[in-house]
Amino acid sequence: MPTKPRPCRARVRVVRSIALDVLEAELDMEEPLALPFDAGQWVSVPFGPKNVRAYSIASTPRSPSSITLCADVAPDGIGSAWFRGLASGQTVEFKAPFGGFVFQRADPRPPLFVAEEIGIVPIRAILTDLQETGYGRATTLVYWGRDPRHMPYHAELVSLTRRDPDFVYHPVVDSPGAGWSGGQGRPPEVVSGLVKAAGVIAYVSGGGQMINDVREVLMARGLDRKSIKWEKFW
Ligand SMILES: Cc1cc2nc3c(=O)[nH]c(=O)nc-3n(C[C@H](O)[C@H](O)[C@H](O)COP(=O)(O)OP(=O)(O)OC[C@H]3O[C@@H](n4cnc5c(N)ncnc54)[C@H](O)[C@@H]3O)c2cc1C
């Protein structure tokens with residue numbers, strides 16, 4: 001049964017910078033003391049009547065008394081300003097949990113995850129949750145950033161490939177630079193090379209243009225709309 005969204009209060013424990021213009025905040029839940037949610041869901045932060053910003057929960061339901069949010073603050077609107085202003089000890093209010101970008105465990109098809117930059121956040125939660133609960137089946141992630149500085153959690157995902165032989169990771173960038181051991185290219189090209197026929201279930205998260213381009217490739221391979229789940233951040 002999906003949990004109904006409810007008003008929540010939490011206290012900021014720590015805020016840190018984890019990539020270029022990307023901040024991660026850990027919040028200790030105060031009301032309720034533990035937040036029930038599914039990996040991939042988000043919180044809604046209010047900014048006056050009918051004005052909210054959504055932030056996906058980067059942590060997993062296995063630690064419901066403390067949640068992690070992660071934001072790209074480059075857009076520089078009210079959401080980014082709110083995130084930049086978060087400080088240790090501060091109380092924050094939001095409503096949660098929301099959203100249907102959650103992993104369908106009962107689905108036997110191998111999952112293909114595709115993320116663009118900060119769009120990695122809900123996918124990081126899902127992959128960590130699968131790892132923590134011993135999913136034990138093949139999972140693939142295509143993760144694109146303009147360059148490696150715009151890819152929060154990249155190092156953690158590389159380390160996941162060492163711990164989990166069922167996890168296949170394809171990080172790609174436009175501008176590799178020295179020391180980059182991933183690939184170069186765009187998500188639609190990589191997905192086109194990986195998926196030759198229907199039979200996967202896709203979870204795509206990031207900007208609308210990338211989502212549309214990846215959907216087009218997948219639908220040309222025979223996937224129907226329901227087999228492509230997406231979370232559009234912008
Ligand atoms: C379901 C959902 C989950 C989300 N989860 C997250 C999350 O975990 N972390 C996060 O940082 N954001 C997330 N977002 C986006 C977030 O809600 C805000 O839109 C974002 O923080 C920008 O808010 P802002 O007020 O600073 O800028 P706004 O004034 O809202 O936006 C300014 C402009 O920037 C565009 N924009 C917004 N975000 C980006 C981006 N990352 N890259 C390029 N252009 C962008 C907007 O479309 C707009 O044109 C999510 C959005 C949705 C719908």
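Strand β7 (residues 111-116) and strand β8 (residues 139-145) run parallel to each other and are paired over five bridges, where strands are DSSP runs of E with at least two residues, helices are runs of H or I with at least four, and both are numbered from the N terminus. Two strands are taken to pair if DSSP finds at least two bridges between them. Within this pair, Ala 115 stands opposite Tyr 143 in β8. This is a predicted model, in which local features need pLDDT of at least 70 and side-chain atom pairs count only at pLDDT 80 or more, while totals for chains, interfaces and linings use all residues. Residues are numbered from 1 along each chain as its sequence is written.

The two strands belong to an open sheet of six strands with parallel pairing, in the order β10-β9-β8-β7-β11-β12. Because β10 (183-184) and β12 (228-232) stand at the edges, each with a single partner strand, one side of each has no neighbour in the sheet. Helix α2 lies across β7, β8, β11 (201-206) and β12, and runs at about 155° to β8; axes here are lines fitted to C-alpha atoms, for helices over the stretch in contact, and angles run from 0 to 180 degrees between N-to-C directions.

A second open sheet, antiparallel in its pairing, has six strands in the order β4-β3-β6-β1-β2-β5. Its edges are held by β4 (52-56) and β5, each with a single partner strand, so one side of each is left without a neighbour in the sheet. Neighbouring strands of this sheet are turned by 40° against each other on average, direction ignored. Strand β3 (residues 42-46) pairs with strand β6 (residues 91-98) in the antiparallel sense over two bridges, and Ser 44 stands opposite Lys 95 in β6. Strand β2 (residues 22-31) and β5 are joined, also antiparallel, over seven bridges, with Leu 27 opposite Ile 67 in β5.

Although β5 is an edge strand, six of its seven residues are buried, a residue being buried if 20 or more other C-beta atoms, placed from the backbone, lie within 10 Å of its own, exposed if 12 or fewer, and partly exposed in between. Val 14, in strand β1, counts as partly exposed because it has 13 C-beta neighbours inside 10 Å. Val 14 and Ser 88 are 74 residues apart in sequence, yet their C-alpha atoms are 5.3 Å apart in space.

How is the chain divided into domains? Domain 1 covers 6-98 and domain 2 covers 111-232, with bounds that come from an automatic or database domain assignment. Their C-alpha centres lie 23 Å apart, and the contact takes 15 residues from domain 1 and 14 residues from domain 2, two residues being in contact if their C-beta atoms, placed from the backbone, lie within 7 Å. On the side of domain 1 that touches domain 2, the elements giving two or more residues are β1 (6-19) and β5 (66-72).

The largest nonpolar core has 59 residues, and those with the most contacts inside it are Leu 69, Val 114 and Ala 202; such a core is a set of buried Ala, Val, Leu, Ile, Met, Phe, Trp, Tyr and Cys residues joined through C-beta atoms within 7 Å. Helix α2 (residues 120-132) gives the most to this core, with seven residues, and the core draws at least three residues from each of domain 1 and domain 2.
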